[in-house]
Amino acid sequence: TVSVTDLSNIPSDVFPAFDKLCQISYQFCIDLKLVISDADLNDSLRDSVFNGSVYELLFSESVNAFFAAAPVKLYMFTHKTVQEALAALHIAKQSPTEQEKMWKEHFGRPEMVEVWKFYCG
């Protein structure tokens, strides 16, 4: 059993895709994406899908799309709040200089309000 009291200390050898999951959460909060296509997902996360989910936080589902000959695989977070919390964790794991850059670039954007709340605690 792994005991983690601080999400920033999640062991990468036990949860190898967690940092990538946080990174993609951040990127898709900025891009206003709630549904992620298989093409948007990077290989390390795609390889971490087990029984239809990544750590029970990001779920995959095949959807029959009217424009596609075969079902399209899409990914969604359990809830938008999960995506926002993981995005905040991604910001918190950056260097102070990079965090400041992120603040300057995205502060005041309505889609980032909840991310900043999580970031600030």
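Modeller: One point before we start. This is a predicted model.

Colleague: Fine. What is the secondary structure of the chain?

Modeller: The chain has five helices and four strands. From the N terminus, the elements run α-β-α-β-β-β-α-α-α. The chain has 121 residues, and buried ones make up 31% of them.

Colleague: How do you know which strands are the edge strands of the sheet?

Modeller: Look at the order first. The open sheet has four strands, arranged β1-β4-β3-β2 with antiparallel pairing. An edge strand pairs on one side only, and that describes β1 and β2 (53–54).

Colleague: What makes β2 and β3 a pair?

Modeller: Pairing needs at least two bridges. Two bridges join β2 to β3, so the pair qualifies by that rule. Valine 54 has leucine 58 in β3 as its bridge partner.

Colleague: And how many bridges join β3 to β4?

Modeller: Six bridges, with the strands antiparallel. Valine 63 stands opposite valine 72 in β4. Strand β1 (residues 35–37) is joined to β4 by three bridges, again antiparallel. There, valine 35 stands opposite methionine 76.

Colleague: Which strands does α1 touch when it packs on the sheet?

Modeller: Helix α1 touches β1, β2, β3 and β4. Its direction makes about 90° with that of β4.

Colleague: Now the inside. Which residues touch the most other members of the largest nonpolar core?

Modeller: Leu21, Ile24, Ile36, Leu41, Leu45, Leu58 and Phe77 do, in a core of 15 residues. The elements giving two or more residues to this core are α1 (18–30), β4 (72–77) and α3 (80–92). Helix α1 provides the largest share, five residues.

Colleague: What is isoleucine 24 in contact with, leaving aside its neighbours within four places in sequence?

Modeller: Isoleucine 24 is in contact with Asp40, Leu41, Leu45 and Phe77. There is also a second, separate core of ten residues, which includes Ala88, Met102, Met112 and Val115.

Colleague: On to helix α4. Why do you say its buried residues lie on the same side?

Modeller: The buried residues of α4 (residues 96–106) are Gln99, Met102 and His106. They cover an arc of only 60° around the axis, so they sit on the same side of α4. The general rule behind this is simple: an α-helix has 3.6 residues a turn, so residues three or four places apart point the same way.

Colleague: What covers the buried residues of α4, and what does the face turned away from them carry?

Modeller: The cover includes α1, α3 and α5 (113–120). The face turned away from the buried side carries the exposed residues Pro96, Thr97, Lys104 and Glu105. Just after α4, glycine 108 takes a positive phi of about 95°.

Colleague: Why is cysteine 22 called buried?

Modeller: Buried means under 20% relative accessible area. Cysteine 22 has 1%, so it is buried.

Colleague: And cysteine 120, buried or exposed?

Modeller: Exposed means over 50%. Cysteine 120 is at 58%, so it counts as exposed.

Colleague: How many disulfides do you count?

Modeller: A disulfide needs two cysteine sulfur atoms within 2.5 Å. By this rule the count is zero.

Colleague: Last one. What makes leucine 32 worth a remark on its phi?

Modeller: Most residues other than glycine have a negative phi. Leucine 32 is not a glycine, yet has a positive phi of about 60°. Leucine 32 is in the loop between α1 and β1. At 58% relative accessibility, over the 50% limit, leucine 32 counts as exposed.

Terms used
Residues are numbered from 1 along each chain as its sequence is written. This is a predicted model: local features need pLDDT of at least 70, side-chain atom pairs count only at pLDDT 80 or more; totals for chains, interfaces and linings use all residues. Side-chain values use heavy atoms; hydrogens and water are left out. A nonpolar core is a set of buried Ala, Val, Leu, Ile, Met, Phe, Trp, Tyr and Cys residues joined through side-chain atoms within 4.5 Å. Buried means under 20% relative accessible area, exposed over 50%, partly exposed in between (1.4 Å probe, protein chains only). Contact means heavy atoms within 4.5 Å. The arc is that of the directions from the helix axis to the C-beta atoms. Axes are lines fitted to C-alpha atoms, for helices over the stretch in contact, and angles run from 0 to 180 degrees between N-to-C directions.
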